[in-house]
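Please read it alongside the sequence and the structure shown here.

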Amino acid sequence: MFVLELTYTAPLEAVDAVLDAHVAWLDEQYEKGLFLASGRKDPRDGGVILAVAADRAAIEEVAAGDPFTVAGVCAYRITEFTATKTAPALEPYRETLG
């Protein structure tokens, strides 16, 4: 499981110019089953995505395709973690330590 933290590197006007494409990209990742939750940070200086993928390289590739990344309006910080405890709805993503 991964936490993707987006930090805007451009003024909000530049971010908003790419927002529709970013939302369409988010929808694609939800359809593929990669994203579990996402939203803006408060204050609005970026966002957070909770994601699942086979490995870090796969999630880095997904982040590189974000229209925000392509337009150069945000930077990603990707944190991988092992979800050993979850809410019941996230049980399919629960892992055990090996």
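## Aromatic pairs and their surroundings

The count of aromatic pairs comes to three, under a rule by which rings of Phe, Tyr and Trp (its six-membered ring) pair if their centres lie within 6.5 Å, with planes under 30 degrees apart counted as stacked, over 60 as edge-to-face and the rest as tilted. This is a predicted model, in which local features need pLDDT of at least 70 and side-chain atom pairs count only at pLDDT 80 or more, while totals for chains, interfaces and linings use all residues. Residues are numbered from 1 along each chain as its sequence is written, and side-chain values use heavy atoms, with hydrogens and water left out.

Two of these pairs are set out in the table, since a pair of aromatic rings is described by the distance of the centres and the angle of the planes.

| Pair | Centre to centre | Angle between planes | Class |
|---|---|---|---|
| Tyr8 and Phe68 | 5.9 Å | 85° | edge-to-face |
| Trp25 and Phe35 | 5.4 Å | 75° | edge-to-face |

Trp25 lies in helix H1 and Phe35 in strand E2, so their pair ties together parts that are ten residues apart in sequence. Trp25 is buried at a relative accessible area of 6%, and Phe35 likewise counts as buried, at 3%. Ring pairs also join Trp25 and Phe35 with Tyr30 in a cluster.

Leaving aside residues up to four places away in sequence, Leu4 touches Gly47, Val48, Ile49, Ala51, Ile59, Tyr76, Arg77 and Ile78, a contact being heavy atoms within 4.5 Å.

Gly65, found in the loop between H2 and helix H3 (67-71), is partly exposed with a relative accessible area of 40%, and Gly65 touches Trp25 and Val70 when residues up to four places away in sequence are not counted. Pro67 lies in helix H3 and counts as buried at 18% relative accessibility; with the same exclusion of residues up to four places away in sequence, Pro67 touches Val18, Ala21, His22 and Trp25.

His22 leads on to the pocket. Of the 15 residues that line the largest pocket, the closest to its centre are Tyr8, His22, Leu26, Gly39 and Arg40, and the elements that give two or more residues to this lining are E1, H1, strand E2 (35-40) and E3. On a 1 Å grid over the protein atoms alone, a pocket is an open set of points where a 1.4 Å probe fits, with protein on both sides within 12 Å along at least five of seven lines, and lining residues have an atom within 4 Å of a point.

Definitions and conventions: Helix = DSSP H or I, 4+ residues; strand = E, 2+ residues; numbered from the N terminus. Buried < 20%, exposed > 50% of the residue type's maximum accessible area, 1.4 Å probe, protein only.
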